[in-house]
Amino acid sequence: MAMALPTHGSLSAGIGPGKAAINAMSAWGSFMANAKCPKCGKLVASFVLESMPASPAGDNKKTFPTVALTCPSCRVVLGAQIDPVMVTTDAVQRLVKTLQAANAKKT
């Protein structure tokens, strides 16, 4: 899965993080607009978001969903983390399953 991830976010007033965080994101966006890829040297105005599995060192049996922020020109990985959307989705699905099982026992 790959999708463009703009560095400049648009947040509506009253929704999302507080004013200090929005100012920090604006400053980060300004910084990133002038950043160059360390591999190809081209300006990085947006990232490509790619999903991929990751596993702890020495344990290929257990994997975690991760996302990598890559350069749109050469696809070098500029950052990576556990995929927060997949982790949240998994937690919600487990919670729903547990609640449904508990509700079935009541009836």
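Helices, here runs of at least four residues, are numbered from the N terminus. Val87 is found in helix α2. The views below come from a predicted model.

**View 1. Helix α2 from end to end.**
Helix α2 consists of 23 residues. From its first C-alpha to its last it reaches 33 Å, close to the 33 Å expected at 1.5 Å a residue. At the start of α2, Asp83 places a side-chain oxygen within 3.1 Å of the backbone nitrogen of Val85.

Side chains of opposite charge can pair when their charged atoms come close. Asp90 and Arg94 form a salt bridge, with 3.0 Å between the closest N and O atoms. Both residues lie in helix α2 (residues 84-106) and are four residues apart, about one turn of the helix. Asp90 is partly exposed, its relative accessible area being 34%. Arg94 has a relative accessible area of 57% and is exposed.

The structure holds two salt bridges. One of them joins the side chains of Arg75 and Glu50, at 3.3 Å from N to O. This pair links distant parts of the chain, as the two residues are 25 residues apart. Arg75 sits in the loop between β3 (64-70) and β4 (77-82), and Glu50 belongs to strand β2 (residues 46-54). Arg75 counts as partly exposed, at 43% relative accessibility. Glu50 has 19% relative accessibility, so it counts as buried, the limit for buried being under 20%.

Phe64, Ile82 and Val87 make a nonpolar surface patch of about 240 Å². Val87 contributes to this patch from helix α2. Its relative accessible area is 39%, so Val87 is partly exposed.

**View 2. Cysteines without a disulfide.**
A disulfide is a covalent bond between the sulfur atoms of two cysteines. To count as one here, the two sulfur atoms must lie within 2.5 Å. How many disulfides does the count come to? The count comes to zero. For Cys40, the closest cysteine sulfur is that of Cys37, and the 3.8 Å between them is too far for a bond. The sulfur of Cys74 also has Cys37 as the site of its closest cysteine sulfur, at 3.7 Å, which is too far for a bond. Cys40 is partly exposed, at 31% relative accessibility. Cys74 is partly exposed as well, with a relative accessible area of 24%.

Technical notes. Residues numbered from 1 in each chain as written. Predicted model: local features only at pLDDT ≥ 70, side-chain atom pairs only at ≥ 80, totals over all residues. Heavy atoms only, no water. Salt bridge = Lys/Arg side-chain N within 4 Å of Asp/Glu carboxyl O. Buried < 20%, exposed > 50% of the residue type's maximum accessible area, 1.4 Å probe, protein only. Patch = residues over 30% accessible without salt bridge, like charges linked within 9 Å, V, L, I, M, F, W, Y side chains within 5 Å. Areas by Shrake-Rupley, 256 points an atom, 1.4 Å probe, with all protein chains shown as cover. Expected span 1.5 Å × (residues − 1). Polar contact = N/O pair within 3.5 Å; in protein donor to acceptor, adjacent residues only side chain to side chain.
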